[in-house]
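Hello,

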Amino acid sequence: QQSATVAQTHGAWGVIPFDSAERDELKKKFGVCAGKEVFHLGMNRGERKYGIPTLVLIDCETEEVLSYDGVGDVMSGSLLEK
């Protein structure tokens, strides 16, 4: 149901189930999580770089982080210039 709702409202974006190990791994990899999740994820406070909400934009081929300010970049169109 989550995938259908996202597809209807946002288009063809990938969706990771809320309670999945993949979601937790991505949170750890990019240091993005709620403060209260740090202990649960096995992280220390210094590894947490960004809180919620954060939109990380990633190059799908290289997995390079393009931006940790995805909302601002999408709204401004600045990534279209890169």
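**What was found**

Leu66 is partly exposed, because its relative accessible area is 37%; buried here means under 20%, exposed means over 50%, and partly exposed is what falls in between, with a 1.4 Å probe and protein chains only. Leu66 sits in strand S2. Its C-alpha atom is 7.6 Å from that of Val56, a residue 10 places away along the chain.

Before going further, note that this is a predicted model, in which local features need pLDDT of at least 70 and side-chain atom pairs count only at pLDDT 80 or more, while totals for chains, interfaces and linings use all residues. Residues are numbered from 1 along each chain as its sequence is written, and side-chain values use heavy atoms, with hydrogens and water left out.

**The chain overall**

The protein chain has 3 helices and 2 strands, in the order α-α-β-β-α along the sequence. Both kinds of element are DSSP runs numbered from the N terminus: helices are H or I with at least four residues, strands are E with at least two. The chain has 82 residues, of which 21% count as buried. Its accessible surface is about 6400 Å², and carbon and sulfur atoms make up 55% of that; such areas come from the Shrake-Rupley method with a 1.4 Å probe, and for residues only the protein chains shown count as cover. Taking the contacts (heavy atoms within 4.5 Å) between residues at least 6 apart in sequence, 9% join residues at least 24 apart.

**The loop between H1 and H2**

Ser20 lies in the loop that links helix H1 (2–10) to helix H2 (21–30). Is Ser20 buried or exposed? Ser20 counts as buried, because its relative accessibility is 15%. A polar atom of the Ser20 side chain lies 3.1 Å from the backbone nitrogen of Arg23. This is a polar contact, that is, a pair of N or O atoms within 3.5 Å; within protein, one must be able to donate a hydrogen and the other to accept it, and residues adjacent in sequence count only if both atoms are side-chain atoms.

Arg23 also lies over the face of Phe18, 4.0 Å from the ring centre. For that, NZ of Lys or CZ of Arg has to be within 6 Å of the ring centre and within 35 degrees of the ring normal.

Ile16 is in the loop between H1 and H2 as well. Ile16 is partly exposed, because its relative accessible area is 30%.

Ala34 belongs to the loop between H2 and S1. Leaving aside residues up to four places away in sequence, Ala34 touches Arg48 and Ile52. Arg48 is 14 residues from Ala34 along the chain, and their C-alpha atoms are separated by 8.6 Å.

Glu63 is in the loop between strand S1 (57–58) and strand S2 (65–67). Its phi is near 65°, a positive value in a residue other than glycine.

**Cysteines**

How many disulfides does the structure hold? The structure holds 0 disulfides, a disulfide being a pair of cysteine sulfur atoms within 2.5 Å. Cys33 counts as buried because its relative accessibility is 0%. Cys60 counts as exposed because its relative accessibility is 73%.

Regards
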